[in-house]
Amino acid sequence: MFARFNNFPKPLIGDWCVILLSLVLIILSFFTLWSHQPAATLRIRAGNAVLGEYSLMQTKTLKVAGRLGNAVIEIQQGKVRFKHSPCHNQYCVHQGWLSHANQAAICIPNQISIELIGAKAAFDSLNY
């Protein structure tokens, strides 16, 4: 049963070089392309309408009316989260604190979304 695995040749030095180079390129791509930009502004949407944009450099609690009821959004010195939502599964609440540009939390049943915006957009458009 295991005899068929003995027929494979052992990796050569060139094989190990290709594997090592691939790992280095993957790690460099991650650090180069991943956005670590801090967010500056919070944008809140309900349905298709933008309800407002708020600075993250404040401490504030907002009640936002959605399709199912009011959601509570909490802003604290550079980060934001859904504190409470009337939806059943609470996925938006479990998302936790957001603090980096281009992060978003969406409450689909209540049709409310929060998006963090940095000083410079990392992309031209976003669809979800």
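Residues are numbered from 1 along each chain as its sequence is written, and side-chain values use heavy atoms, with hydrogens and water left out. Because the model is predicted, local features need pLDDT of at least 70 and side-chain atom pairs count only at pLDDT 80 or more, whereas totals for chains, interfaces and linings use all residues.

The protein chain contains 2 helices and 7 strands, taken as DSSP runs numbered from the N terminus (helices: H or I, at least four residues; strands: E, at least two). From the N terminus on, these elements follow the order α-β-β-β-β-β-α-β-β. Of the 128 residues, 25% are buried; buried denotes under 20% relative accessible area, exposed over 50%, and partly exposed the range in between (1.4 Å probe, protein chains only).

An open sheet of 4 strands is arranged as β2-β1-β7-β6 with antiparallel pairing, where two strands pair if DSSP finds at least two bridges between them. β2 (49-55) and β6 stand at the edges with a single partner strand each, so one side of each lacks a neighbour in the sheet. The antiparallel pairing of β1 and β2 extends over 6 bridges, and Ala46 stands opposite Ala49 in β2.

The largest nonpolar core comprises 19 residues, of which Leu42, Ile44, Ile73, Val80, Phe82 and Ile114 touch the most other members. Such a core is a set of buried Ala, Val, Leu, Ile, Met, Phe, Trp, Tyr and Cys residues joined through side-chain atoms within 4.5 Å. At least two core residues are supplied by each of β1 (41-46), β3 (59-65), β4 (70-76), β5 (79-84), β6 (104-107) and β7 (112-117). Beyond its neighbours within four places in sequence, Val80 is in contact (heavy atoms within 4.5 Å) with residues including Leu42, Ile73, Trp97 and Ile114.

The structure holds 3 salt bridges, each defined as a side-chain nitrogen of Lys or Arg within 4 Å of a carboxyl oxygen of Asp or Glu. Glu53 forms a salt bridge with Arg43, with the closest N and O atoms 2.8 Å apart; this pair links strands β2 and β1, at a separation of 10 residues. Glu53 is partly exposed, at 45% relative accessibility. Arg43 also forms a salt bridge with Glu115, with the closest N and O atoms 3.9 Å apart. That pair joins strand β1 to strand β7 across 72 residues, and Glu115 is buried at 16%. In the pair of Glu74 and Arg81, the closest N and O atoms are 2.6 Å apart; Glu74 is buried at 8%, and Arg81 is partly exposed at 25%. Through shared partners, Arg43, Glu53 and Glu115 are joined into one network.
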